[in-house]
Amino acid sequence: MSVPQDISPMSGADAHRAHVQPPAREGIWAEIFRYRDNRVALALIVPSLLALILVQLYPILYTGWLILTNEKGVFIGLANLTRLTSDTIFRGALIFSLKMAIVVVPVSLLLGLGLALLIRSEYAGRKAIWISILIIPLMVSEIVAGTMWKIMYHPTLGLVNVPLTLLGLEPIIWLMKANTAFIALCIVEVWRISPLAFLLLYAGLNQVPRDIYEAAAVDGATRWRAFWDMTIPYIRPMFSIATILLFVWSTRTIGTIAATTAGGPGRATWNLSWYIYGMSFQRLKPHYASAAVIVMLLMTYIAGAIFVKYLWVERKQR
Amino acid sequence: MRATGGRDVMTNEQAIDSSTSEQINQEVVLAAQKRRLNLKKALVVVVLYMAAFWTLVPMYWVALTSVKSLRDLAHIPPRLFPTDPRIDAWVTIFERRILENIVNSLVVAGFATIFCLLVAVPAAYAATRMRLPLRFVGIVVALMGLVALLPPIASAIPLYLLGSDLGIIDEKYTLIILYTVLNTAFAVWVLRGTFMDVPVDVEEAALMDGDTRFGAVRRILLPLIFPSLFSIAILLFIFNWNEYIIALYFVNSMSTMTLPIAIQAQIPQHELDWGVVSAAGTIAVVPVLVAAFTLQRFLVRGLTFGVAG
Amino acid sequence: MAEVKIVGLTKYFGDTCAVNHLDLVVKDGDLVVLLGPSGCGKTTTMRCVAGLERPTYGDIYIGERRVNDLEPRERDVALVFQSYALYPHFTAFDNIAYPLRLRKTPKEEINRRVTDVAELLGITHTLERQPGLCSGGEQQRIALGRAIVREPVVFLMDEPLSNIDALLRVYMRAEIKRLQHELGTTMIYVTHDQVEAMTMADMIAVMNQGTLQQLGTPGDIYDVPANNFVARFVGSTPMNFIPGRLRQKDSQTVHESDQFVIPVGEEMAVRASEMCPDGKCTLGIRPEDIRFTMSDEGRNQAQVFLLEPLGSETILDIEKEGLLLKAKDVATTQIRPGNTLSLSFDRFHLFDDATGQAIR
C-alpha cells in the first residue's frame, strides 16, 4: 500500500522562496584579505609556506637552471639530459633502483599485511608491546641500519653465515659479489621499511568496523570469504598509499648503501641517490647530477600524484 | 502404585543418563574447540616472536659486538653471547670524541624540532580552525603532502650551492634551519590530522564564554592535544637525529659533525675496529628504542587520521 | 535583557545556500524556537547570532547594537552546544567558573555564584568531578550552568536535549522553560523535535531549506499552518493528506479525490477560487479532526485495517483504495480491524498544489 504523504505534492513549499543571489565569485586573495581573521590565518600559514618555497620551489627551479648549464655556468641547453641517456653508469643506477623497488615493495607489503592481520587477531595479547617492537626499524637511521647489517653480513663476525656453517656450507661473502650484494641490500631494505607497510596497513585495518564481520558471519560467510569481501575493499586505499610510500622510500635510500657496500663491488650497487651524491659531491659535477635529480623527481611526483589522487577520493567519500 | 513409582525412577535415571552424556558430548566439543583455539594462539604467538626476533636481532648483534673481547671477535663461528665482555670499544669511541657528535646531534635535532613546531602549529591551526577559503586550504595542504614526499637528496644540491654562496656551510645553525624547513611540510600535515581529531565545539564554547582566540588555544586546545603534540615532537626529533643526506653535504668538520656522519666515519679501515663502530651504532639506537615505545599508540592513531582524514 | 533582530540574513557556504533571506525578531524575554529538519539552516542562523559564523548578507542586532562585526566574546550571549562542549580537562566547578574567571570576577563572588547555580540545577555533588565522570544529564546541566552563571543578555541553545534519554528530556524541557521564565532572559532554542518546540516556545519559527516557513505561537503553528511543510512537520501523529481537486457539484464546492468527496465551506471556496484557479489542491486533516461512525452508510466509507493502541488513546489506520489515513479514538474503542467506518471531515486545511501554501 502506498503511503499518501509520499505522493502528495509537497515540493511546492519552496517554490515561492525569495531568491538571493549567491555572492559573486571573487578572487581567492580578495576573499582572504577582506576579513581580519583571514589575514591573521594567512599570517600564521606564511612561515610554513616560506619553508615550502625554500625546500621545494627554490630547489626545483634552481635544478631546472642547473641542468641547462655546465660547470662553468655556460648555457648548454639539454646537453646534460642527452648525455644522461647514454650514461651507462646512470642507466645501471636507475635499473638498480627499480629492481630493488620491485623486490622490496611487494615483499614488504606482504610481510606488513601478514603482521598487521596477526596483531589485529584476538590471539595477540599485549598488542602495544608487539607494535612497539615491530616499528623500531622505522626509526633507526639508514646509516645505523646499514652499519648493523654490515656487521651481520661480515664473513667472520656476522650472524647471517652462522646457520650456513652449521649446515656445513661454505660461508657466503655477501657484500663482495654483485648478486649476493643485491640480495643482501634487499634484505636490509625489507628490514628497514616493511614496518612502514605494517603500520599503515594496521591503521587501515583498524578502520574496518568489527560488526561487519559479525554481519558477514551471520550471513554465512567463511573467514576467508569475509577477508576478501570485507577486509580487502576497506584497506585498498591504505594499501595503495602504502605501495606508493614504500616505492618512494626504497628509491631514495642512500645511507644503507653508504654503510654496507659504498656502491661496490665496482658499481654494482649504485642506485639513483648514490649516483646523484657521487656525481655532485665526489666528482663535483652538480650540473650533470641535477639531470638525474630531475629523473628522480619525476619518479617521485608520478607516485605523489597517485598518492594525492587517492587522498582526494578518500576525502570525497566522507 | 509401585509399578508407577518404578517407572518414574526409570525415567528419571534415563533422564540423568541422557543429560550427562549430552554434557560429556558438550565438554568434548568445547575441549576440542579450546584446543584448536590454543593451537591457533600458539601459532600466532610463535610467528610474532619470529618477527620480533627478525626485528631485534641486528640491534642485539651490534650491542654484542661492541662488548666482545678481541678473542671473541676473532672466534669462528662467532659467539652468540659474550664470554668475556670488555668495554674497550666504548672507551675508544669516547676517546674519539663521540660525545661531541652526540651533543651536536642533540643540539641540532632539539632546536630544529622546537622551531619546526613553532612554524607548523600555527599553520595547522589556521588550516583547520580559521575560516580561510576551502580552496586555499586544499591547495596548501596538497602542497604540504607533496613536499613531504620530496626526497631530501633532490633539494640537497641546490641548497648546498646556495649555502656555499652564502658561506654558511659547516655551521650548526645552517643544519638547524634546514632540518626545520625540511620537516615543516610533514609536521603541518600530521598536526592538521591531530587538530581535526579535537572537536571544534569545545573551542567555540570557550569563545562564547568570553575567551579570545589565543586564550582558547592556550587554555583549551593546547592542553587537549598535548599528548599528540609531544608524540609529534619526538617523531620530529628522531627524524632529525637520524638525518644523513643533508648532513653529508653540509658537515665538513668535527664542530658540526652529527652522529650519523660520525658513525659512517667509524666504519673500520681495519678489522679490529668493529667493536668501535658497534658502540657508536648502539648509542644511536638508544633514543630510537625509547621513542618506539612512546610513539606506537600515537602512530597508529595519527596515521589513521592524518592519512585518511 | 535584549531583543534580537535578524534582518535579511543570508548565509552561503561556497555555492550552497544555508540560510535564505531570513527576517526574525525575538522580543525581549521571549523564548523562540527555531524548528526544522536537519540541514534547514536553523543551527547556521543561531551560529550567526552567536558570532561563530559570518553572515554573507544581512544584519544582526542584539538590543540596539549591530553585532555583525563583533567577536563572540563581545556579544554577551551564551551558547549551549548539542555536544555540551564541556572542557574535559576541567572539573565541573572550573567549567562553570571559566566564563567568570575570564571576566576577572573576584574569587569569593565566583565561588558564591557557581555554588548558587549548581544548587539551582541540582548538580552540587558533581562540582569536584571532571565531566567525563558525570552522567549525560549531569553534563547537560553543567553546560546549562556554564551558560547561566554569567547572566548573558541572550541564551542560545543548540538542540541541548537531543543527547539525553527520553524520560529526562521531558523533565529537562520543563526545567529549561522554568529557568528561562525566572531569569527573564531572551532565548533562541534550536531543535528538530516538534514536541519540544510546542511545549517550550513562546513563538515558533519553522524553517525549511534555509527559508522561514512560518512564525507564530505554538497554537497558530498547529491550528493554522501556513503551508503544507509546516502542516506535515508539526503534530506527533502526522496530518493526513488527500490529493485531489476542487469542483462544483450541486451548486456546492467539493474537494474530490479518487477516494472521497468532501464539501468545502463557502468562505474557503471563495478564497480557493482566488488563490488556486486550477483547483488542484491537497486536503490536509489532523487525525483528531476525522469524525467517524461505525456504519455502512454515508458517502465517505473506509475500512480499518490496523489498531495502534497508545494507552491513552488509539490510532486507527484506515485505508481506502490505496490511501492511508490515521484517525484517533479513545483507548476503549470498540472498533476492530475489518470494520467499515463512515467518515466525515469538518475541520481541515487546503493546500495549493502549485505553491504548497494554505488556502485561507
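**View 1. Two domains of chain C.** The centres of domain 1 and domain 2 of chain C, taken over C-alpha atoms, are separated by 39 Å. This is a predicted model, in which local features need pLDDT of at least 70 and side-chain atom pairs count only at pLDDT 80 or more, while totals for chains, interfaces and linings use all residues. Residues are numbered from 1 along each chain as its sequence is written, and chains are lettered from A and ligands numbered from 1 in the order in which they are written. Domain 1 of chain C covers 4-233, and domain 2 covers 240-352 (bounds from an automatic or database domain assignment). Four residues of domain 1 of chain C are in contact with four residues of domain 2 of chain C (contact: C-beta atoms, placed from the backbone, within 7 Å). On the domain 1 side, two of these residues are nonpolar, two are polar and none is charged (nonpolar: Ala, Val, Leu, Ile, Met, Phe, Trp, Tyr, Cys and Pro; charged: Asp, Glu, Lys and Arg; polar: the others, Gly among them).

**View 2. An open sheet in chain C.** Four strands of chain C form an open sheet in the order 2-1-4-5, with antiparallel pairing (strands pair if DSSP finds at least two bridges between them). Strand 2 (16-26) and strand 5 (65-66) of chain C stand at the edges; each has a single partner strand, so one side of each lacks a neighbour in the sheet (strands, E, of at least two residues, and helices, H or I, of at least four, are DSSP runs numbered from the N terminus). Strand 1 (residues 4-13) of chain C runs antiparallel to strand 2 of chain C, and seven bridges join them. C:Ile6 stands opposite C:Leu24 in strand 2 of chain C. Helix 1 (residues 42-50) of chain C packs on the sheet, where it touches strand 1, strand 2 and strand 4 (57-62) of chain C. The direction of helix 1 makes about 115° with that of strand 1 of chain C (axes are lines fitted to C-alpha atoms, for helices over the stretch in contact; angles run from 0 to 180 degrees between N-to-C directions).

**View 3. A hairpin in chain C.** Strand 9 and strand 10 of chain C form a hairpin with two residues between them. In the turn, C:Gln209 has a positive phi of about 45°. Five bridges join strand 9 (residues 203-208) to strand 10 (residues 211-216) of chain C, and the two run antiparallel. C:Met207 stands opposite C:Leu212 in strand 10 of chain C.

**View 4. Two helices within chain B.** Helix 4 (residues 98-129) and helix 7 (residues 172-197) of chain B pack at an angle of about 40°, with axes 6 Å apart. These two helices of chain B are therefore oblique to each other (under 35 degrees is roughly parallel, over 145 roughly antiparallel, 65 to 115 roughly perpendicular, the rest oblique). Their contact has 22 nonpolar, five polar and three charged residues.

**View 5. Chain B meets chain A.** Chain B gives 82 residues to the contact and chain A gives 80. Helix 12 (residues 274-308) of chain B gives the most to the chain B side, with 19 residues. That side divides into 66 nonpolar, eleven polar and five charged residues. Helix 3 (residues 36-67) of chain A and helix 7 of chain B cross at roughly 125°, and their axes come within 8 Å. In helix 3 of chain A, residues including A:Ser48 and A:Leu52 meet residues in helix 7 of chain B, among them B:Val181 and B:Thr184. Eight residues of this helix contact are nonpolar, two are polar and none is charged.

Technical notes. Contact = placed C-beta atoms within 7 Å.
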